Amino acid sequence: MARRVVLFDLGGVLFRPGLQHFLGSYERDCALPRDFLRRVLFAGGSDSPYAKVMRGQITLSQLFLEMEEGCKQQASASGITLPPTFSVSRAFEEMAAEGKVNAPLLRAARVLRNNGFKTCVLTNNWVDDSGGRLFTATLMTLLHHHFDLVLESCRLRVQKPQPEIYTYALDALQAKPQEVILLDDIGENLKPAREMGMATILVRDTDTVLKELEELSGVQLLSQEEPLPIACDPSDVTHGYVAIRAGVQLHFVEMGQGPVLCLCHGFPESWLAWRYQIPALAAAGFRVLALEMKGYGESTAPPDIQEYSQEQICKDLVVFLDKLGIPQTVLIGHDWGGAVVWNMALFYPERVRAVASLNTPYRPADPSVDIVEKMKSIPTFDYQFYFQEPGVAEAELEKDVDRTLKILIRSTHPEDRLPFALNFHRVQERGGLLVGFPESPPPSRLLRGPDLLYYSQQLQRSGFRGPLNWYRNMRPNWRWALSAKDRKISMPALLVTAGQDPVLHPRLSQGMEQWIPQLRREHLEECGHWTQLERPAALNKILLDWLEGLPPDTPLPKFSRL
């Protein structure tokens with residue numbers, strides 16, 4: 001029977017070193033005999049402090065009290081003097097401060113999940129009411145994002161190696177023992193699982209574990225290829241709606257706590273374009289708001305072209321921030337969303353802590369040449385003139401939304417190529433953007449299954465008029481930009497270019513430092529236009545590295561607390 005479920009222990013496996021290491025370390029710090037704390041922790045067998053805390057009969061702070069008393073009795077009986085500052089909680093504090101998530105195993109869990117495996121954390125754990133409980137909360141939140149299921153002994157009132165906990169896990173995962181692989185660093189915990197028919201791996205060093213797990217699962221875990229990060233779907237996030245003014249509302253999704261990040265997607269997409277970034281940014285300590293831009297999905301799609309000028313879009317975004325009580329945010333945009341975030345940084349710099357754009361460069365408006373004539377001189381932008389006449393492009397793109405998305409949103413990977421590449425030249429002459437492509441193109445590596453269905457449903461809901469209206473404001477956008485042509489973007493900024501983007505080529509960004517003194521550049525050579533989807537792991541690393549290097553948030557003025 002094929003393996004399809006992997007159970008991971010937490011302490012000593014996904015988080016290392018385990019508690020035993022830190023108990024031993026604290027014994028040495030206090031000059032206590034070896035295993036002094038372990039003997040107190042396990043004294044009493046099934047009624048020991050350890051057993052009770054793991055079954056949820058007592059909390060962690062109660063464990064500390066019981067162990068403090070037990071240590072005093074053990075020390076008295078053994079003629080040992082405890083240090084004046086002795087505190088059992090110190091060992092747990094050191095674990096929180098010095099322990100590390102086992103990144104290679106977490107990556108392996110992600111790869112397994114991407115290959116159809118169910119993954120579960122099965123751990124002996126405690127109810128944490130201690131002063132350090134935020135550490136536990138943060139770790140558990142991380143695990144819930146990375147695994148299908150997290151099972152804690154303290155919630156189930158049964159602990160490993162009791163057979164009942166393994167039976168519970170099998171039932172919860174709807175799996176048979178022969179379909180399951182269990183990883184644990186304690187042999188005693190593996191024995192009952194093995195007797196039930198599970199495959200087991202005793203965790204010692206990570207490299208050996210990965211090799212054994214690769215053999216048992218049949219999934220390549222030691223590959224150098226970037227694994228897909230954990231993605232969120234519409235059911236994983238909180239949905240919100242902000243009334244901007246009469247007849248206009250913006251839909252957004254939210255995850256995480258901390259400094260605010262606003263993500264702005266491009267054409268023809270959805271907030272779901274950020275599905276690989278939202279969990280990673282939230283796990284890093286940010287409050288992530290991913291907007292569904294005006295004209296898309298559950299945001300309002302007014303028919304008037306002027307509603308989609310950059311000036312109006314930015315005004316709406318300021319109202320959005322006002323109504324959510326957000327004085328300042330980091331803005332991250334892609335494609336048209338990139339244009340929005342540059343304009344926010346230019347026209348509303350007080351609202352922007354820092355700004356990042358994917359693929360979309362910034363250039364100030366040039367008063368010496370009409371924008372329409374300039375755009376016509378660039379063959380790659382011919383498709384934008386095909387988009388100008390209301391109703392024409394809508395008819396083509398709305399005819400079969402699934403087909404439209406399968407053709408437009410594809411990676412540069414050789415296996416993802418259609419018979420010929422999407423050509424943005426001479427689109428008007430050809431009579432359409434999608435002319436000549438198969439009526440039933442194969443699924444894209446970037447957009448398939450439930451994700452394709454969601455995109456398609458959202459675009460069928462809103463139609464393409466709103467998204468196309470973004471392109472129908474060439475002169476209004478140019479005139480507005482001319483009013484700020486001599487300004488510089490002064491806050492920290494990031495531009496991520498993609499070497500294979502056929503429209504927003506990196507060469508278009510030459511000289512940006514002249515107008516953005518704090519610009520940081522990053523480049524992904526093997527990447528096309530859909531950066532968040534094609535290179536999500538590399539992009540997440542770039543974004544997190546940049547965000548971590550930003551100056552700290554300025555404290556809010558006192559009047560903001562009124």
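Predicted model: local features only at pLDDT ≥ 70, side-chain atom pairs only at ≥ 80, totals over all residues.
**Ground rules.** I number residues from 1 along each chain as its sequence is written.

**Arginine 410.** I found arginine 410 in the loop between α18 (401–408) and α19 (427–430); helices are DSSP runs of H or I with at least four residues, strands are runs of E with at least two, and both are numbered from the N terminus. Arginine 410 is buried, at a relative accessible area of 11% (buried is under 20%, exposed over 50%, partly exposed in between, with a 1.4 Å probe and protein chains only). I then looked up its contacts (heavy atoms within 4.5 Å). Leaving out residues up to four places away in sequence, arginine 410 touches several residues, among them Asp416, Leu418 and Trp530.

**Aromatic rings.** I counted 21 aromatic pairs (rings of Phe, Tyr and Trp, the last by its six-membered ring, with centres within 6.5 Å; planes under 30 degrees apart are stacked, over 60 edge-to-face, the rest tilted). Phenylalanine 8 and phenylalanine 147 are an edge-to-face pair, because their planes stand at 65°, with centres 5.5 Å apart. Phenylalanine 8 lies in strand β1 (residues 5–8) and phenylalanine 147 in the loop between α7 (133–146) and β5 (149–152), 139 residues apart. Both phenylalanine 8 and phenylalanine 147 are buried. Tryptophan 342 and tyrosine 362 make a tilted pair, 6.2 Å centre to centre with 50° between the planes.

Methods:
Heavy atoms only, no water.
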